[in-house]
Amino acid sequence: MLLTIPDVLTAEQVAQARQLLDTAEWVDGRVTAGHQSAKAKHNAQLPEGHPVSKQLGEMILAALARNNLFFSAALPLRVFPPLFNSYAGGQSFGTHVDNAIRQIPGSGHRIRTDLSATLFLTAPEDYDGGELCVEDTYGVKSVKLPAGQMVLYPATSLHHVTPVTSGARISSFFWIQSMIRDDGQRSLLFDLDLGIQRIARDHPEHPSAIQLTGVYHNLLRQWAEM
Ligand code: NI
């Protein structure tokens, strides 16, 4: 499932992020790439552990913690501290798949990357190219979102970023380990959750709301890994 999450950050938060990022020192993006993706990756990145990375990462994690749509779709167990990248001057990232396991910097913890996220920090009219193209079962989906919006997609997908031919594309990217490892099971729970919310809103007295909520929680209990 590929899902757009609107309004992760407010316009003020995006402006604050851009101001801090515009003054930071960037490095070659290949520092976090695996052996195979290093050959395909051409961009700049804020070093992991950079103070701006930490400050903005905390802002993003706090925003996600308040976001019901994110919680419902991702059922997050752990979220990788957000990273930041920039593409300009024809830079791109060729087709690759993200590493399955990532060490959380400065901790002994690792996360399994079930979901990949890109949070756009540049308005789409400020650059040409830079589409995130994700291959899923039904073909390639091309994503270019307004600043402050985020796309969530299965980390198992092959994906690439097309060359940025004018302007600059600045984004945050990170991974989520979900309580539900399997994308199909996670998608079923998300659909069921949306259906329950609709019944609860339109027919609050209907007994099906309680019955279906029970099914949701009992499936979660069967499938969740903590
Ligand atoms: Ni990637």
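Let's start with charge: the protein chain carries 18 positive and 22 negative side chains, and the centres of the two sets sit 7 Å apart. Here Lys and Arg count as positive and Asp and Glu as negative, with His and the chain ends not counted; each charge is placed at NZ of Lys, CZ of Arg, CG of Asp or CD of Glu. Keep in mind that this is a predicted model, where local features need pLDDT of at least 70 and side-chain atom pairs count only at pLDDT 80 or more, while totals for chains, interfaces and linings use all residues. Residues are numbered from 1 along each chain as its sequence is written, and side-chain values use heavy atoms, with hydrogens and water left out.

**Overall build**

- The protein chain has six helices and 15 strands, taken as DSSP runs numbered from the N terminus (helices are H or I, at least four residues; strands are E, at least two).
- Its radius of gyration is 18 Å, close to the 17 Å that the globule rule gives for 226 residues, so the chain is as compact as a globular protein of that length. That radius is taken over C-alpha atoms, and the rule is 2.2 Å times the number of residues to the power 0.38.
- Along its principal axes, the C-alpha trace spans about 60 × 35 × 35 Å.
- Of the contacts (heavy atoms within 4.5 Å) with a separation of 6 or more, 78% join residues 24 or more positions apart.

**Surface and burial**

- The chain exposes about 11200 Å², and carbon and sulfur atoms supply 55% of that; the areas come from the Shrake-Rupley method with a 1.4 Å probe, and for residues only the protein chains shown count as cover.
- Buried residues make up 46% of the 226. Buried means under 20% relative accessible area, exposed over 50%, and partly exposed in between (1.4 Å probe, protein chains only).

**Nonpolar cores**

- A nonpolar core here is a set of buried Ala, Val, Leu, Ile, Met, Phe, Trp, Tyr and Cys residues joined through side-chain atoms within 4.5 Å.
- The largest one has 35 residues, and Leu 9, Met 150 and Leu 152 touch the most other members. Elements that each supply at least two residues include α1 (11-23), α3 (51-65), β5 (83-88) and β15 (164-178), and α3 gives the most, with six.
- Apart from this core lies another, of 13 residues, among them Ala 40, Phe 93, Tyr 153 and Val 164.
- Beyond its neighbours within four places in sequence, Leu 9 is in contact with Val 14, Met 59, Ile 60, Ala 63, Leu 119, Leu 121 and Gly 148.

**Positive phi outside glycine**

- Asp 7 has a positive phi of about 50°; it is found in the loop between β1 and α1 and counts as exposed at 63% relative accessibility.
- Leu 75 has a positive phi near 40°. This residue lies in the loop between α4 and β4 (76-79), and is buried, with a relative accessible area of 1%.

**Two more sites**

- Leu 132 is in strand β11 (residues 132-136) and is buried at 2% relative accessible area. Not counting residues up to four places away in sequence, it touches Thr 118, Tyr 153, His 160 and Arg 169, among others; the C-alpha atoms of Leu 132 and Thr 118 are separated by 8.8 Å.
- His 109 is found in the loop between β7 (101-103) and β8 (110-112). Leaving aside neighbours within four places, His 109 contacts Arg 102, Gln 103 and Ile 104.
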